[in-house]
Amino acid sequence: MRGAMELEQEPDLLLQEARENVEAAQSYRRELGQRLQGLREAQRQIKESASQTRDVLKQHFSDLKGTLGKLLDERLVTLLQEVDTIEQETIKPLDDCQKLIEHGVNTAEDLVREGEIAILGGVEEQNDKLWSFTKKASHIQLDSLPEVPLLVDVPCLSAQLDDSILNIVKDHIFKHGTVASCPPVQIEELIEKPGGIIVRWCKVDDDFTAQDYRLQFRKCTSNHFEDVYVGSETEFIVLHIDPNVDYQFRVCARGDGRQEWSPWSVPQTGHSTLVPHGMPLSSRPRRVETVGQPDRRDSIGVCAETQTGFDSLQRDQAVCISTNGAVFVNGKEMTNQLPAVTSGSTITFDIEAVTLGATNNNEVGNFKLRVTISSNNREVVFDWLLDQPCGSLYFGCSFFHPGWKVLVF
């Protein structure tokens, strides 16, 4: 009886096992398909980057060859002009001397002919001609000879060409340009934020010493990247990101003591599904171009109304950051503090309307704004309470020492 039941169950077990094997094979096929797709993308990246690198190298060396040829031609023209100038300036006195000597030779020849005729004439005629010849000869300084310079005293032009420049140029050319299989920095992480994305990157080349980084981004539908950050930090929050829209990010670096930027990292795609709360009232960034002597009373911020008689935004109806990084809300200093303001710092105020208190003619409600102040890759978030709604906000700054310059864009 038991054997019959086992025989009846065995086909069911085999069928179940077969189904499981089919599902495992299908899953295995999907995994292999995904890996095959990733492999093809890697192959395409190698081939496309190799093709682009060839084009860049050919164009660069073609431009370099044309520029060097142009520079050599310009140098040749300059040297030839110097030869022409020296020749013209030094040959002119000799030409003048030659004319003077040739004139003297002609005068002397005329005098010789006239003297010979006077000597061969009759007595009476001879006396008149000799008298005339003697009188004429006395007016000519036959003992005055122009000075002709020695050859060692006149220019003898030559070209001085240092052949060592060929070796110097050769050494620089042989060292010019490198081909890197991978960029020295890569994007490490993309973190979505409401209305923004935090981009973090890191060095992947231990032998590369980075001085500055340069971050660019673009919408995936755009053909052009734009700069969003240049500095020494390894992360940056990109604001004003449209929700549910794909963006591409890439980063490069500049080596210590170098002027040129490294190759770009592999672009990474990211998006934010987090919609900013409320409606932004002000989000225009401010960049500090130049700095002066800092003072704790300095302020960069926004206010709900214009008031006279105040020398700082560290007052009521205003939020601001001081140059030492302290944050003030309605004149009171917060516990949280941002980094000190330096040259190149970008300060952004994102202000969103959160709640409007119900009001009537006899009642005043609270107007709450959510404020995010970002500076040097750090940010503070707080609620700013106002006594009444405001139709607009005003940007302002104050400094107690000269030398500060703030760009609003």
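**Briefing: surface patch, cores and backbone of a predicted chain**

Ile-165, Leu-166, Val-169, Ile-173 and Phe-174 make a nonpolar surface patch of about 510 Å². Patch residues have over 30% relative accessible area and no salt bridge, and nonpolar side chains (Val, Leu, Ile, Met, Phe, Trp, Tyr) are joined within 5 Å. A salt bridge is a side-chain nitrogen of Lys or Arg within 4 Å of a carboxyl oxygen of Asp or Glu. The model is predicted: local features need pLDDT of at least 70, side-chain atom pairs count only at pLDDT 80 or more, and totals for chains, interfaces and linings use all residues. Residues are numbered from 1 along each chain as its sequence is written, and side-chain values use heavy atoms, with hydrogens and water left out.

- Phe-174 lies in helix H3, residues 164–175; helices (H or I, at least four residues) and strands (E, at least two) are DSSP runs numbered from the N terminus.
- Phe-174 has a relative accessible area of 66% and is exposed, where exposed means over 50%, buried under 20% and partly exposed in between (1.4 Å probe, protein chains only).
- The end C-alpha atoms of H3 are 17 Å apart, in agreement with the 16 Å that its twelve residues should span at 1.5 Å a residue; the expected span is 1.5 Å times one less than the number of residues.
- Gly-177 follows H3 and has a positive phi, near 85°.

**Whole chain**
- The chain has three helices and 18 strands.
- Of its 409 residues, 24% are buried.
- Of the contacts (heavy atoms within 4.5 Å) between residues at least 6 apart in sequence, 58% join residues at least 24 apart.

**Nonpolar cores**
- The largest nonpolar core has 25 residues, and those touching the most other members include Ile-321, Phe-382 and Trp-384; a core is a set of buried Ala, Val, Leu, Ile, Met, Phe, Trp, Tyr and Cys residues joined through side-chain atoms within 4.5 Å.
- Strands supplying at least two residues each to this core include E10 (299–303), E14 (346–356) and E16 (378–386).
- A second, separate core has 17 residues, among them Val-185, Tyr-213, Phe-217 and Val-238.

- Gln-317 has a phi near 65°, sits in the loop between E10 and E11, and is buried at 11% relative accessible area.
- Asn-330 has a phi near 55°, sits in the loop between E12 and strand E13 (332–337), and is partly exposed at 23%.

Definitions and conventions:
Patch = residues over 30% accessible without salt bridge, like charges linked within 9 Å, V, L, I, M, F, W, Y side chains within 5 Å. Areas by Shrake-Rupley, 256 points an atom, 1.4 Å probe, with all protein chains shown as cover.
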